[in-house]
Amino acid sequence: MNYIRLRKNYLSVENLSVQKLVKKYKTPFYCYSLSQLKDNFFTFRDCFKTVKPIICFSIKSNSNLTLLKELRKIGSGADVVSIGELLKATKAGINPKKIVFSGVGKTEEEIRIAIRKGVLLINIESESEASLINKISKQLSKKVSVGVRLNPNVIGKTNKKISTGGKDEKFGLVYNDFINLCKKIKKMKNLNLRGLSVHIGSQITSIVPFKKVLSVINKVIKKTNINFEFIDLGGGIGISYSKNEKKINLKQYCKMVAKFLKNKNSRIIFEPGRFIVGNTAILIAKIIYIKRSNNKNFIILDAGMNNLLRPALYDAQHSIVAIKKRGKFLGKNIKFVGPICESTDKFSTYRTFSQIKEGDCVGITNVGAYGMSLSSNYNTRPIVAEVLVNGSTHKIIRKRQSLENLVNN
Ligand SMILES: Cc1ncc(COP(=O)(O)O)c(C=O)c1O
């Protein structure tokens, strides 16, 4: 179900028209649908109900505290990659026994805090990291639950910049190194090897790479003869950013995982980010100017790459819709751009677009994942507000950064 959609030519979030919201909140701002968030989580959980995974929402995709609390209430755990994410997860009330800690560069401070909090697994990515965790665990007189991240040398068909499963990437350990490290960890007195983790990248819309991953894991298990209590399959499940984009067959993925689990005594962990939050938000922006230059219509928005980096970083396409649809814009070559002093500060281009004028607002769609979490103060612009809609009600879930705060450091 889509909770953010055009209703009688008005862009709406649940029961509220965006036109009403822009009268209340200063643009640009992120606007989320709570029902969409819950719906996505339940869709994911229900698709995989036969394998009963632990669902650890990947906080890097969106770390808004209110959203994390909502996810915790409906049963989510968390996948974290930094001390900040870990502390936010626990502040949101997520049980540490449902938190996995990933990342290639965990510092001593981060490891110490993760051990003290008692997270479910610290997913190790190198031999040096294993030794450090063992040393700290010994100092703290603990035996710590760890996983090891496998680099399966499987390339998920996705944007090169968000692909992590190839053997030349920095992530995880390739087959032989993985096996050797597992043997070493088994001998480390303060580590308890309980998990194997993988994550081959993001925005993957075919189940084929996931099938290959499962087959590599099977090979690894056979070779090591280790009964991993937890098999953490990471995230990566893609969403449709446009109507013609292919949708992944989650039911089929579940069947594959169920088959994989046969004769194993393991629990599956998933770390979905984008699937849970991707389509829950729009970035609402105002048109500051319409500039005609060299046969182009530049629609200059008050939102830029500091608010939504994905187009500049990954050439990602996010559809843009007028908050009130009015027939076709007569101009050609309509380029939505931001105000930032970088030529990569551009959003989508259209041949035709709904009639718009300076002062109108538009919504940049599907920005719930890696939208706000990748935003910055670049060009010394404030971090914008986040608004949550629930049915016919709305509230601020992150205040817009004040100019005073912005200039004080
Ligand atoms: C280790 C790990 N787990 C999970 C995710 C979440 O991925 P996605 O948002 O594509 O589900 C990422 C993101 O890249 C990741 O690096």
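Student: Between which two strands does the loop that holds S376 lie?

Tutor: The model is predicted, so local features need pLDDT of at least 70 and side-chain atom pairs count only at pLDDT 80 or more, while totals for chains, interfaces and linings use all residues. Residues are numbered from 1 along each chain as its sequence is written.

S376 sits in the loop between β19 (361–364) and β20; strands here are DSSP runs of E with at least two residues, helices are runs of H or I with at least four, and both are numbered from the N terminus. S376 counts as exposed because it has 11 C-beta neighbours inside 10 Å. From C-alpha to C-alpha, S376 is 25 Å from F171, and the two are 205 residues apart in sequence.

Next come the domains, whose bounds come from an automatic or database domain assignment. Domain 1 covers 4–32 + 278–407, and domain 2 covers 35–276. Their centres, taken over C-alpha atoms, are 32 Å apart. In the contact between them, domain 1 takes part with 21 residues and domain 2 with 20; two residues are in contact if their C-beta atoms, placed from the backbone, lie within 7 Å. On the side of domain 1 that touches domain 2, β20 (385–390) and β21 (393–398) each supply at least two residues. β20 gives the most to that side, with three residues.

Leaving out residues up to four places away in sequence, I122 touches F101, I111, A114, I133, V144 and V146. In soluble globular proteins, nonpolar side chains tend to be buried together.

For the chain as a whole, there are 12 helices and 21 strands. Of its 409 residues, 46% count as buried. The C-alpha atoms fill a box of roughly 70 × 45 × 40 Å along the principal axes.

Conventions: A residue is buried if 20 or more other C-beta atoms lie within 10 Å of its own, exposed if 12 or fewer, and partly exposed in between; C-beta atoms are placed from the backbone.
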